[in-house]
Amino acid sequence: MSTDSATTTSFTTSGVQLDVNKVSDSDLAPYVTLQRAANYLAGAMIFLKSNVLLENPLKPDDIKPRLLGHWGTCPGINLTYAHCTRLIKQHNLNMLFVTGPGHGAPANLANLFLERSITKYYPKYSYDREGLERLIRGFSWPSGFPSHTNSEVPGQIHEGGELGYALAVSFGAVLDNPDLIVTCIIGDGEAETGPTATAWHAFKYLDPAKSGAVLPVLHLNGFKIANRTIYGCMSDDELIALFSGYGYQVRIVTDNMDTLQRDMAVSLGWAVQEIQAIQKAARSGNKPIYKPRWPIVILRSPKGWTGPKEAHGKPIEGTFHAHQVPLPKAKKDDEELKLLESWLLEYHPDKLFDKKHGYAPVKEIQDCFPDDEALRMGMRIETHEGSYKKLDTPRWEDYCIDKDEDTSSMDATGGYLAEVIKRNHSTFRIFSPDELTSNKLTRVLDATNRTMEWDKDLFTKGGRIIEVLSEHTCQGLLQGYTLTGRTGLFPSYEAFLGIITTMLIQYAKFLKLGEETLWRRPVPSINYIESSTLWRQEHNGFSHQNPAFLNNLMNLKSNMIRIYLPPDANCMVSTIDHCLRSTNYINLVISAKNPTPLWITSAEKAAEHCRAGISVWCEYSTDGGKEPDVVIAGCGVETTFEAVAAAALLHKDCPDLRVRLVNVTDLMVLGQTHSHRLSQDEFEAIFTPDKPVVFNFHGYPSAIHSLAYDRVSGRRMSVHGYNEEGTTTTPFRMLTANGCSRYDLAIDALHKVQPNHPTVNIKARTLISNYQHAIRQHEKYIEEYGTDPEELSQKPRF
């Protein structure tokens, strides 16, 4: 036995050994019937549009015109769901069910209907014949449920369209939820993904004294869409060695059909006992277990088990042919039609749905579920109603800087977040891919520790920060934490937040449909900070210069996207405070970690600027409040600095030129579909109806062009931004390399104004030549000294 084991369960090189005869087949009979009903409904959902209980001979007209769905994983999901339900009823467990094989939605929907969860939230799917017909016909049908799980499906906290994220989401859900167990079924195809590979280690960040537990069920049916899986080809010894090395106690449920039901029942029961033993040791006041071995159940079962065995002389069950629609030609092929009918009749639907009671599921099935509906997995309060826990946030104004001195926006934010952590011991966490200190949020460590239960120095310290060098795992943890009502923050290097782009897109789809689903309540916004941005990667270089995550967000539904580029520390703290208090948004804040000037030293004025999202900065403009000759706009920390510097440069060298300086802190005000948008009149009041605009932007110019493409006529707006020019160089050289320096902006402004301004026209050629020369001289300077001249980082003075 391992000395780290929580209990006296036998642990050998052959895995955990259990007596499968501890339960009898008769005890499990109702739950086998439950599975039979769920399997029938799952199969019927994929194929039938009428004659849903097969009371008449099956005809081609009974088959849907488009057969969509994934049968192969459904029986394993139904097996696991049934035995989890049995444990919930026996022990009054608080359990959620997360389905990694998300395209197994027919199984989820079948179980949710049988336990009445579908009926509760969608009365049209009534617990009778009419409801059955609507459920079966409506699957993968216009206005019905889709072929994968999503936020329209009760009890779900995971968008099932893309594989790989279920396990991390499950661990996020149990953080700070000490009484919750999440059973997460992971398909062996999904287990091949990179995100799942790191998520296996997420239990090492769980403090069993204060958080719940995840029970992973790795479902090995051997095949994915067209070939075998990696895990399905591994022997028991190899699987045990792998997961034992990760730190799990491994129980393998074999595919012996004679003992499978008892094996699964005993194995899940053992797993729950192990979880409770680990938690009891951590919570009892006795010495907690260091490196407890949490349980994992590996379930072997045939692909498409209980489905058709073969068709046209080729095997189906136990092969990849069972993955999606096992009889795809059933509507047109007589052999497949007869096979479909005989297959579905083998479940004996006439014995599963009670004709005397309106074709509701028979009493044997109804009695499988806990009497307390709140314990049924589709009705868990954590998943949809009443779970949002509003943060106790401090006055952000108390963390503003009222001195005219260079300040790190991230450092100021760290002070604010430290107080948030102190006030919210179980409802706020930071998830970071090992970049907290690098991104200058070190002050949060004054209020909390990092957490990592396998680190002897952090063991039982109860930290609020999870640092794991996997953006996928951070995102999954954040999603699970957020969708169960708590608030999180994900700070990251700008260049690498894009790693989780597809995860975020899946989350955004979940959020969109959740908002349109009346019974789902608001959840906290999901919050990102991008720091260590492309403009200050002088020690990392070109590989770390990538602002594309911003563009990816812009393509999502505008009503849920918020993109902020606060220009200084005071605006940054105000913005973060707003984000943490908001709900149902995806907030992206782009900031700088290096000390930069404070443009707004008054908290009141910073709040005004952030509320408006865009302002004319009169103190840095030279138009005297009148019609300008040119508008220079900045969006982003470094690019705003250069915009102000360009205005100061032109004021010194060309005082007759009237320059209006504009700052944009809420990017989406520039578009025309966002709720924060400027009206056209407001846009023209700031940018004028016809004067040239020189826009200096933090990221790719395409972002501004796409937002303002029909706001400005002709070519009067030019956008400077990142143009994929970079290397290991000085900060100012990065600006000149991409045409975003003060000199580039001034040159552009002079070119635009020159034809219509006689006074400027006289000086323009000389000034343009001088500025071009200054750029060349700067290149020579850094080659000699290796750093920028000090005056280039000094706050411009007017």
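Residues are numbered from 1 along each chain as its sequence is written, and side-chain values use heavy atoms, with hydrogens and water left out. Because the model is predicted, local features need pLDDT of at least 70 and side-chain atom pairs count only at pLDDT 80 or more, while totals for chains, interfaces and linings use all residues.

**Exercise 1. Determine how α1 and α10 are arranged and which residues join them.**

Step 1. Locate the helices: α1 covers residues 25-47 and α10 covers residues 334-345. Helices (H or I, at least four residues) and strands (E, at least two) are DSSP runs, numbered from the N terminus.

Step 2. Take the axes, which come within 10 Å and cross at roughly 155°. Axes are lines fitted to C-alpha atoms, for helices over the stretch in contact, and angles run from 0 to 180 degrees between N-to-C directions.

Step 3. Classify the angle: α1 and α10 are therefore roughly antiparallel. Angles under 35 degrees count as roughly parallel, over 145 as roughly antiparallel, 65 to 115 as roughly perpendicular and the rest as oblique.

Step 4. A crossing is left-handed if the near helix is turned anticlockwise from the far one by less than a right angle, and right-handed if clockwise.

Step 5. List the contact (heavy atoms within 4.5 Å). From α1 come Y40, G43, A44 and F47, and they meet L340, W343 and L344 of α10. These residues divide into 6 nonpolar, 1 polar and no charged. Ala, Val, Leu, Ile, Met, Phe, Trp, Tyr, Cys and Pro count as nonpolar, Asp, Glu, Lys and Arg as charged, and the others, Gly among them, as polar.

**Exercise 2. Do likewise for α1 and α9.**

Step 1. Helix α9 spans residues 260-283, and its axis lies 10 Å from that of α1, at an angle of about 100°. That makes the two helices, α1 and α9, roughly perpendicular.

Step 2. In α1, D25, L28, V32 and Q35 meet Q261, R262 and A265 in α9. The contact of α1 with α9 holds 3 nonpolar, 2 polar and 2 charged residues.

**Exercise 3. Describe the packing of α2 against α3.**

Step 1. The axes of α2 (residues 74-91) and α3 (residues 105-114) come within 8 Å and cross at roughly 35°. The crossing is right-handed.

Step 2. C74, I77, N78 and Y81 of α2 make the contact with P106, A107, N108, N111 and L112 of α3. By class, the residues are 6 nonpolar, 3 polar and no charged.

**Exercise 4. Describe the largest pocket and the largest cavity.**

Step 1. On a 1 Å grid over the protein atoms alone, a cavity is a set of points where a 1.4 Å probe fits but cannot get out, and a pocket is an open set with protein on both sides within 12 Å along at least five of seven lines; lining residues have an atom within 4 Å of a point. Grid points are joined across faces, edges and corners, and a volume is the space filled by probe spheres set on the points.

Step 2. The largest pocket holds about 410 Å³. Of its 21 lining residues, R536, P731, D788, L792 and S793 lie nearest the centre. The largest share of the lining, 4 residues, comes from α19. The lining divides into 10 nonpolar, 5 polar and 6 charged residues.

Step 3. The whole structure has 4 cavities of 30 Å³ or more, and the largest cavity contains about 60 Å³. Its lining includes F203, W294 and E453, and divides into 8 nonpolar, no polar and 2 charged residues.
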